[in-house]
Amino acid sequence: MKCRLVELYTHGVRRDPHEVLAAEPLVGDLVIENCRRSPRWTRLAELKEHKPGYTRPMLPPLSDPVAVRAKPGDNGFVLRGCQLSARTVNGEPVITEFIQEWWIRPE
């Protein structure tokens, strides 16, 4: 589904509503599918960019996405899930899981 996407959280902290409304949306294809992530199956939502010759993810995927807000008259819907962030602290890899919401609007 071709859409415009704005992230509603930054590292697990809700963004200011004025910042969200002013944000330039990412435009891509929303893909939600079941994937085998050892040792279990999980559902992932991804925003992908399709160009001639390649497809790439535009954001880290959203794990176990759930539609949390969609009503008549709204411009789109909100997906909530978890995102992983990998970084190095004192030479050691650290993976952190954050809550994330995506505001999805049709393109």
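**Ground rules.** I am working with a predicted model, where local features need pLDDT of at least 70, side-chain atom pairs count only at pLDDT 80 or more, and totals for chains, interfaces and linings use all residues. Residues are numbered from 1 along each chain as its sequence is written, and side-chain values use heavy atoms, leaving out hydrogens and water.

**Strands.** I looked up the pairing of strands (DSSP runs of E, at least two residues, numbered from the N terminus; two of them pair if DSSP finds at least two bridges between them). E7 (residues 62–69) runs antiparallel to E5 (residues 40–51), with two bridges, and there Leu44 sits opposite Ser63. E7 also runs antiparallel to E8 (residues 77–89), this time through four bridges; I found Arg69 across from Val78.

**Cores.** Next I checked nonpolar cores (buried Ala, Val, Leu, Ile, Met, Phe, Trp, Tyr and Cys residues joined through side-chain atoms within 4.5 Å; buried means under 20% relative accessible area with a 1.4 Å probe, protein chains only). The largest has 10 residues, including Cys3, Leu30, Leu47 and Trp102. E1 (2–7), E5 and E9 (92–106) each give two or more residues to this core. A second, separate core has seven residues, among them Val6, Val20, Ala23 and Val78.

**Leu47.** What does Leu47 touch? Counting contacts as heavy atoms within 4.5 Å, and skipping residues up to four places away in sequence, I got a list that includes Cys3, Leu5, Leu26, Arg56, Leu59 and Trp102.

How values were computed. Buried means under 20% relative accessible area, exposed over 50%, partly exposed in between (1.4 Å probe, protein chains only).
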